[in-house]
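Me: I would like to learn how to read a sheet and a disulfide in a model. Please take me through them one by one.

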Amino acid sequence: MNRTTLSLIAGATALAAVTGFAAVSAPDVGSATERTGAAATLPVERTGLLCPRPSISDLAETTYTSFTPVTRGAEGEGTATLRSAAEQSAPDDAETGKGEKDENDDKDGEQADDGEKGEKDGEKGDKDAEDGKGSAKGGEPDKAAKPVLQLREPGTPVTADASGAEAPALIGTADGRFASGWTTQQTTEVTAGTGRGLQGVACTAADTQFWFPGASTDDSRTDYVHLTNPDDSAAVVDIELYGKNGALKTTVGEGITVKPRSAEPVLLSTLTDEKQTDVTVHVVVRSGRVGAAVQALDDELGGDWLPASADPSGSLVMPGIPKDATGVRLIAFTPGDSDVDLKVRLASPSGLITPAGNETLHVKGGMTAGFDLGDLTRGEAGSLVLTASDRSVPVVAAVRVLRGKEGKQETAFIPAARPVETRATALDNTAKGTTLSVTSPEGTAQIKVTASAGTKGGTPATKTYTIKSGTTQDIEAPVPAGVKGTYALTVEPQAGTTVYTSRTLSSTEGGVPFFTVQPLPDDRGMVAVPDASEDLSVLQR
């Protein structure tokens, strides 16, 4: 086996760690790649995303948005396609033969894409096809089904709309020039009932382990763990619950089967009889892989999605707490038996400060702890920074944020976030109602923010910003010239700097401040691949 082949194997291994699956081509000497020492930084060539079922409400109105930024070195052909996942009530895959086909041939639960249909139906259809617009519904399998959402060109987002509780979970793949940085968001508005408000979540890659501090089994809450299986074989999942006194006794939390290429919402209150205000959910995949997210719905305080916390760590950041937050509750959990003290700081516009009365918080090993921090931000942008007294004791955490006055309050969640090292993108933005929050806990950072063309037109715009060390800034993000529709905001830190970022969407309905917050993790769209000339003969041993 020659050295070039060995290099490509190493590159494929790196890409698989990033995306769950990978395809790698040998870099051309003259190709547009970035090189650091012996490694070439190449765009990811294949990736996948999973979107949970948006809502259980018949009043829900959902918009799916998909986007790939223009990436240097990502050239040639490719596709980025999202299709409906099979519903659990559909016939078994073994009986129908579904689950054994290639993803591009899967038609279970899919609905016709208005854009592709339009290519055959005249001038209007041609325009829809260019925009990538479509609609999504659940229901019986349709042999003529098409993708729910399909990108047409990097740099321009596309959308699809769905109504009611039948809107499906989505399974998607992207390759070629569409793979690097591919991002998808679903935003749902529910005007009344449990969980009313604005609910948003970024679609994520499949994985084998997730932590969700901030869930609840309280009587006022209806919390679901949404599991989505992208593969052609069943996944087997365990759901562990931890409350204020440790592990909760669960009845059916072990060995949950998620059928091939399907979605399974699991109501937490069916897993245990214990009522707990603050619960940490641990999802562990025994076999296969899944996407996972928690939908937290309150009878009085609205609701939102709770994304997974960053991996357990001795240092955590929860970026972008709204400056007008009327209540902030921190939920923290440390796996294992060791207790830990958490140093609490707020990264404000002027620097790191210690909240009076909450300088240090104690978390017992294996037990979920909740702390009310009140109106922590006091009218200024802020991010919560936690540091364990013993950095070797890992912690997961999230904050529940309230906006509005009593009787007209809404809820959102901000988990501990992964840093943005290269690039991250937020979708479904508008000139009014979008807040981009950036924090740099350690070291001054330079960032570039690019606003894409709109879904229905507009010219991209770019601005650069300086984020001082220890501060959080709600930046005045660029807006595309002549924008029509919604647009993407892509954040790129200067090489060698790291930031944490979140985006808030907000509106007001009936005097209630609807809002949703999404942390923006690095899109992992670039990967370092060993150069073909590097000596990897050690792999031959």
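Me: Which residue in β35 does S440 stand opposite?

Reply: Some background comes before that. This is a predicted model, where local features need pLDDT of at least 70, side-chain atom pairs count only at pLDDT 80 or more, and totals for chains, interfaces and linings use all residues. Residues are numbered from 1 along each chain as its sequence is written, and side-chain values use heavy atoms, with hydrogens and water left out. Strands (E, at least two residues) are DSSP runs numbered from the N terminus, and two strands pair if DSSP finds at least two bridges between them. Here, S440 stands opposite T471 in β35. Strand β31 (residues 434–440) and β35 run antiparallel and are joined by 5 bridges.

Me: What is the order of the 4 strands in the open sheet?

Reply: The order is β35-β31-β38-β39, with antiparallel pairing. β35 (471–475) and β39 (512–519) each have a single partner strand, so one side of each is left without a neighbour in the sheet.

Me: How many disulfides does a search of the whole structure find?

Reply: A disulfide is a covalent bond between the sulfur atoms of two cysteines. The cut-off used is a pair of cysteine sulfur atoms within 2.5 Å. The search finds 1 disulfide, which joins C51 to C203 with an S to S distance of 2.0 Å. C51 lies in strand β3 and C203 in the loop between β11 and β12, so the pair ties together parts that are 152 residues apart in sequence.

Me: Is C203 buried or exposed?

Reply: Buried means under 20% relative accessible area, exposed over 50%, and partly exposed in between (1.4 Å probe, protein chains only). C203 is buried at 8%, and C51 is buried at 0%.
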